[in-house]
Amino acid sequence: SYTNDTKSREENKKTIESLYRLAVDIRKIRRLKEWVLLQDVAYVQEIAGILQEMGADESTVASVLERCPEAVLRTPAEINSQRALWQSVCQNEKQLIKLIEQFPESFFTTKYHENQKANIRFFQELGLKNNIITRFLTSAHSIFYNPVEKTKSVIETLQRNYLSLGGSDANMKIWILKLLSQNPFILLNTPTSMQENLEFLQKNGFTDNEILQLLSKLKGFIFQLTPTTMQKSMLFSKNIFKCSDQDLKELVLKCPALLYYSAPVLEERLEGLLREGVSLAQIRETPMVLELTTQIVQYRIKKLSALGYDIKSGTLESLNGTKKDFEVNYGKMQSKKERPIFNPVAPINIED
């Protein structure tokens, strides 16, 4: 209901004055979202008052309104309803105001309030902890735009497929909750597309148990792919490594990234490794290295080379893992290199 026509309209002086009194940088709003300043009705003082009631200080209020100026176009009633809803999953108002400061747009998107409310209730019934739900609200708020019926439909599809792939009733709830907490965006998929992806894997010789493994390893991201992209990625790997269908399947199970990343991405990463002098045989032996970007690989090879480690003749295992994993392994290698070759506490024999 807001207009973006900036040519024929003038800024609302009352809005400008109210924002100015709150020490809000109006130039920033003009640069990024000037249309907010053109609206006839705004609730600057009221919204600021609600934030202050929750414990926000002057600088926090100014920061929130600079980053999300459209907040002042929401009615106090809408914001109070949103406040009560978010409070139901927050530990206290101190945590709530901290979340609003970090993710103002998520909080002030009130258009889908009823969907948010119904989805939150459903997630709680499902067994998701409130701290996970608050993470969804802030960093995956688009999943709340859907009606709860759509969310339920996706969950039912996951449950049905888990059981049909040999998963047990006893473990199903834990599996679903883990998958959701790892990748809430799974809820944006349609049951049809999810079914198509599973059928593609079955047609390509993956057993039910192997598909369950892939779903868990890929944290449900497999549902965000399409049979076409998966086919292209698998074909690329098969041609590069010159392997049989069975060998390819084993490679994918070892490194699901071969299925997840597109052929152009895999090609770029492969070329980056080859430029560093790594052989195809080494990559095939440790395909997990393709999960890393070319920049990360170059950085890690450089650090290892400084310790005298020759990546061309060694294993690629030392490149693998998260940043933390790599730093731990690197630290071990470094201390091993620096360790003195003599025992510093042993007595030294001095001849007369």
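Which residues of α12 meet which residues of α14? Keep that in mind as you open the model, which is a predicted one.

**Stop 1: α12 and α14**

Select helix α12, residues 191-203, and helix α14, residues 227-241. On the α12 side, pick E196, N197, F200 and L201. On the α14 side, pick P227, M230, Q231 and M234. These two sets of residues meet. Colour them by type: five are nonpolar, two are polar and one is charged.

Now look along the helices. Their axes come within 9 Å and cross at roughly 30°. Angles under 35 degrees count as roughly parallel, so α12 and α14 are roughly parallel to each other.

Look again at the spacing of the contact residues. An α-helix has 3.6 residues a turn, so residues three or four places apart point the same way.

**Stop 2: α11 and α13**

Next, select helix α11, residues 169-182, and helix α13, residues 208-217. Their axes are 10 Å apart, and the helices pack at an angle of about 40°. The two helices are therefore oblique to each other.

Show side chains at the contact. W175, L179 and Q182 come from α11. L212, L215 and S216 come from α13. The residues of this contact divide into four nonpolar and two polar, with no charged ones.

**Stop 3**

Move on to K219, in the loop between α13 and α14. Check its backbone: phi is near 55°, a positive value in a residue other than glycine. K219 counts as partly exposed, at 38% relative accessibility.

Now jump to A23, in the loop between α1 (13-21) and α2 (26-33). Its phi is near 65°, again a positive value in a residue other than glycine. A23 is partly exposed, with 44% relative accessibility.

**Stop 4: the buried side of α9**

Which residues of α9 are buried? Select I132, I133, T134, F136, L137 and T138. Then show what covers them. The cover includes α5, α6 (93-102), α7, α8 and α11.

**Stop 5: rings and charges**

A search of the whole structure finds 10 aromatic pairs. Zoom in on one of them, Y112 and Y145. Their rings are 4.2 Å apart, centre to centre, with 20° between the planes. Planes under 30 degrees apart count as stacked, so this pair is stacked.

Trace the chain from one tyrosine to the other. Y112 sits in the loop between α7 (104-108) and α8 (113-126). Y145 sits in the loop between α9 (130-139) and α10 (148-164). The two are 33 residues apart, and the pair links distant parts of the chain.

Are these tyrosines buried, exposed or partly exposed? Y112 is partly exposed, with a relative accessible area of 25%. Y145 is partly exposed too, at 26%.

Next, find rings with a charge over the face. R269 lies over the face of Y261, at 4.3 Å from the ring centre. K303 lies over the face of Y330, also at 4.3 Å from the ring centre.

**Stop 6: R83 in α5**

Select R83 in helix α5, residues 76-87. Is R83 buried or exposed? Its relative accessible area is 14%. Buried means under 20%, so R83 is buried.

Show its contacts, leaving aside neighbours within four places in sequence. They are I50, E53, M54, E93, L96 and F107.

**Stop 7: two distances**

Select Q102 in helix α6. Q102 is partly exposed, with a relative accessible area of 45%.

Finish with D57, in the loop between α3 (44-53) and α4 (58-67). D57 counts as partly exposed, at 41% relative accessibility. How far is D57 from K232, and what separates them in sequence? Draw the line from C-alpha to C-alpha: 54 Å in space, with the residues 175 apart in sequence.

Notes
Residues are numbered from 1 along each chain as its sequence is written. This is a predicted model: local features need pLDDT of at least 70, side-chain atom pairs count only at pLDDT 80 or more; totals for chains, interfaces and linings use all residues. Side-chain values use heavy atoms; hydrogens and water are left out. Rings of Phe, Tyr and Trp (its six-membered ring) pair if their centres lie within 6.5 Å; planes under 30 degrees apart count as stacked, over 60 as edge-to-face and the rest as tilted. Helices (H or I, at least four residues) and strands (E, at least two) are DSSP runs, numbered from the N terminus. Buried means under 20% relative accessible area, exposed over 50%, partly exposed in between (1.4 Å probe, protein chains only). A charge sits over a ring if NZ of Lys or CZ of Arg is within 6 Å of the ring centre and within 35 degrees of the ring normal. Axes are lines fitted to C-alpha atoms, for helices over the stretch in contact, and angles run from 0 to 180 degrees between N-to-C directions. Angles under 35 degrees count as roughly parallel, over 145 as roughly antiparallel, 65 to 115 as roughly perpendicular and the rest as oblique. Contact means heavy atoms within 4.5 Å. Ala, Val, Leu, Ile, Met, Phe, Trp, Tyr, Cys and Pro count as nonpolar, Asp, Glu, Lys and Arg as charged, and the others, Gly among them, as polar.
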